Structure formats: structure tokens, C-alpha cells
Amino acid sequence: LFVRNISSSLEDDYLKNLFESYGEIRSIYTQTKHRGFVMISYFDIRHAKNAMKNLQHKIIRKRKIDIHYSI
């Protein structure tokens, strides 16, 4: 998942815990957090779909996150 509009001050552990509640995460790439986005990969596409469905437009630190599929 490509997650946009992320605050650069958001802790990696917070992101991991939030998205991990929808399934086991394969990887989380936060090196671009300072540019406002992160990449999250799941082992199972159903978990990614569920995370996207439930977290799309969620407000985190006064920012509405925007989630898209990524290859």
C-alpha cells in the first residue's frame, strides 16, 4: 500500500501497530516519511484490502491519510 499525507513526526511503531492490526506485514518502508508517504506490504492481499477499506481517510495527527495500491 502507498500511504500518503503522513506526518513526518509520526513514529514508525505507531504506523506498524496500526497497519499490523489488519494482518501480518511483510515490510514497511518509512525512509520517505519526511516527504509525506510510506509504503506498506502485506503477505496477503486480503489484509491489504481490509486495511485500505478501514483506514482510508482516517485522520492521524490532524492529517487525513490517503491510501492507494502500489506495485
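Strand β1 (residues 2–4) pairs with β6 in the antiparallel sense over three bridges; two strands count as paired if DSSP finds at least two bridges between them. Within this pairing, V3 has I67 of β6 as its bridge partner. The model is a predicted one, in which local features need pLDDT of at least 70 and side-chain atom pairs count only at pLDDT 80 or more, while totals for chains, interfaces and linings use all residues. Residues are numbered from 1 along each chain as its sequence is written, and side-chain values use heavy atoms, with hydrogens and water left out. Strands (E, at least two residues) and helices (H or I, at least four) are DSSP runs, numbered from the N terminus.

The pair belongs to an open sheet of four strands, ordered β2-β3-β1-β6, with antiparallel pairing. Because β2 and β6 (66–68) stand at the edges with a single partner strand each, one side of each is left without a neighbour in the sheet. On average, neighbouring strands of this sheet are turned by 20° against each other, direction ignored.

Helix α1 (residues 12–20) packs on the sheet and touches β1, β2, β3 and β6, and its direction makes about 145° with that of β2. Such angles run from 0 to 180 degrees between N-to-C directions, with axes fitted as lines to C-alpha atoms, for helices over the stretch in contact. Helix α2 (residues 45–55) lies across β3 and β6, running at about 155° to β6.

The loop between β2 (25–29) and β3 (37–42) contains T32. With a relative accessible area of 12%, T32 is buried, a term that means under 20% (1.4 Å probe, protein chains only). Leaving aside neighbours within four places in sequence, T32 is in contact with F37 and V38, contact meaning heavy atoms within 4.5 Å.

Technical notes:
Buried means under 20% relative accessible area, exposed over 50%, partly exposed in between (1.4 Å probe, protein chains only).
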